[in-house]
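Student: I would like to go through this structure term by term. For each label, tell me what value stands behind it.

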Amino acid sequence: MTENERANETAMNTTVGEPKPQTVPVVAVVLAAGFGTRFDPENPKQLVSVGGKPIVCWSIEAFERCARVSDIVVVVNSKVREEVESLIDQQGYGKVRVVIDGGAERVDSTAAALDTLAQAGIPDDAKILIHDAVRPFVAQSAIDGSIDALDQFQAATVAYASTDTVLLTQDLGDLKVVKSVPDRPNTFRAQTPQSFRFATIRKAYELAAEDPDFHPTDDTRVVVDYLPDVPVAIVSGAETNLKITTVEDIPTAERIAEQLEGFNPKEAARARMHALLAQAAGQMR
Ligand SMILES: Nc1ccn([C@@H]2O[C@H](COP(=O)(O)OP(=O)(O)OP(=O)(O)O)[C@@H](O)[C@H]2O)c(=O)n1
Ligand SMILES: C[C@](O)(CO)[C@H](O)COP(=O)(O)O
């Protein structure tokens, strides 16, 4: 077994055998309100098709498919709302309860979803799974593992063991120096879903809201920084749980879609052409 396999093995894996019966709501929050500034702001990445299906649909379907997920909240911005709503209607996603507006940053979009859930009177012990819409290939084992982890922990994140040595750095004016080098088996790449009991994530966000310098890129960081006594469990992720960040990620995404759904050469060629055009347009700007 490689070092990486060992590290991923020590992360929590899906319960073996029958999953426990669900006694609380399990709500997936699909964050699709980003502006894709590193992709192409004129071509919202959450709507781009991979393997012939819009990225946001892959993500919603992952939670539709998991019988233990009871409800889905989709968070959008004004640029994508109409299209996302029409996709939800066309596909007949039965667990999507509401499509809400997000905010300027990812954390503002999560905060909007938490407010909506509070207004809906969701219980404190509900399990909330917060997922990047642009991670279309999340495995059912990661979703199940997240739901199971909340039986032992108040918070959990899907993560994948780093194969690179990670350097923690320090700013020295206009350059950086290495501050420390953590042992590689203790370093993981954060993925989503990141999952929490409702009262825990709500409390963390309440505390964070009082901090004007609050700009974390994920929800785990909000708990780690503002509720430092709450351990966040690591749930096994995968290389395929890719976040589509730039147009260069599209060919990899097509390859993963191909493995999952079977090969569609027409669609793959169209997507490659699309990625090249988007890249060329980006360079011209
Ligand atoms: N205000 C925001 C910002 C991000 N997101 C979502 O959070 C995830 C984070 O992925 P990221 O690659 O950062 O997406 P963008 O913010 O769209 O990309 P960029 O940072 O390049 O603008 C995405 O699903 C995105 O839609 C969101 O819901 N609301
Ligand atoms: C939540 C996240 O996907 C974990 O990998 C990530 O932090 C969010 O996006 P960003 O690329 O850091 O903005």
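Student: Are Arg-106 and Asp-219 buried or exposed?

Tutor: Both Arg-106 and Asp-219 are buried. The label stands for a relative accessible area under 20%. Bear in mind that this is a predicted model.

Student: What makes the pair Arg-106 and Asp-219 a salt bridge?

Tutor: The side chains of Arg-106 and Asp-219 meet at 2.8 Å, N to O. The cut-off is 4 Å between a side-chain nitrogen of Lys or Arg and a carboxyl oxygen of Asp or Glu, so the pair qualifies.

Student: Why is the pair said to tie parts of the chain together?

Tutor: Arg-106 belongs to helix H4 and Asp-219 to helix H7 (residues 219-226), so the bridge links parts that are 113 residues apart in sequence.

Student: Which residues make up the network that includes this pair?

Tutor: Arg-106, Asp-132, Arg-135 and Asp-219 are joined into one network by salt bridges that share partners. The structure holds 15 salt bridges.

Student: What other salt bridges can be set against the cut-off?

Tutor: One of them joins the side chains of Lys-53 and Glu-61 at 2.7 Å, N to O. Another joins Asp-171 and Lys-176 at 2.8 Å, N to O. Each value is within 4 Å, so both pairs are called salt bridges. As for their setting, Lys-53 and Glu-61 are both buried, whereas Asp-171 and Lys-176 are both exposed.

Student: How do you know that the span of helix H4 agrees with its length?

Tutor: H4 has 14 residues (residues 106-119) and, at 1.5 Å a residue, should span 20 Å. Its end C-alpha atoms are 20 Å apart, so the two values agree.

Student: Which residues of H4 are buried?

Tutor: They are Arg-106, Val-107, Ser-109, Thr-110, Ala-112, Ala-113, Leu-114 and Leu-117. After H4 comes Gly-121, which has a positive phi, near 75°.

Student: What makes Asp-132 a polar contact of ligand 2?

Tutor: An N or O atom in the side chain of Asp-132 is 2.4 Å from an oxygen atom of ligand 2. A polar side-chain atom of Arg-135 is 2.7 Å from an oxygen atom of the ligand, and a backbone N or O atom of Ala-190 is 2.8 Å from an oxygen atom of ligand 2. The protein covers 77% of the 350 Å² of accessible area that ligand 2 has on its own.

Student: Which residues are around ligand 2?

Tutor: Among them are Arg-38, Arg-106, Thr-192, Thr-217, Asp-218 and Lys-243.

Student: What polar contacts does ligand 1 have with backbone atoms?

Tutor: A backbone N or O atom of Leu-31 lies 2.8 Å from an oxygen atom of ligand 1. For Ala-104, a backbone N or O atom is 3.1 Å from a nitrogen atom of ligand 1. A polar backbone atom of Val-134 is 3.4 Å from an oxygen atom of ligand 1; that value is still within 3.5 Å, so Val-134 counts too. The protein covers 90% of the 560 Å² of accessible area that ligand 1 has on its own.

Student: Which of the residues around ligand 1 come nearest?

Tutor: Of the 18 residues around ligand 1, the nearest are Leu-31, Thr-37, Lys-45, Ser-109 and Lys-243.

Student: Why is Leu-167 called partly exposed?

Tutor: Its relative accessible area is 49%. Leu-167 sits in the loop between strand E7 (155-161) and strand E8 (168-172). Together with Val-178 and Val-181, Leu-167 forms a nonpolar surface patch with about 260 Å² of accessible area.

Student: What is the omega of the peptide bond from Thr-192 to Pro-193?

Tutor: Omega is near 10°, and the bond is cis. Pro-193 is in strand E10 (residues 188-197).

Terms used:
Residues numbered from 1 in each chain as written. Chains lettered and ligands numbered in written order. Predicted model: local features only at pLDDT ≥ 70, side-chain atom pairs only at ≥ 80, totals over all residues. Heavy atoms only, no water. Patch = residues over 30% accessible without salt bridge, like charges linked within 9 Å, V, L, I, M, F, W, Y side chains within 5 Å. Areas by Shrake-Rupley, 256 points an atom, 1.4 Å probe, with all protein chains shown as cover. Helix = DSSP H or I, 4+ residues; strand = E, 2+ residues; numbered from the N terminus. Buried < 20%, exposed > 50% of the residue type's maximum accessible area, 1.4 Å probe, protein only. Expected span 1.5 Å × (residues − 1). Near = heavy atom within 4 Å. Polar contact = N/O pair within 3.5 Å; in protein donor to acceptor, adjacent residues only side chain to side chain.
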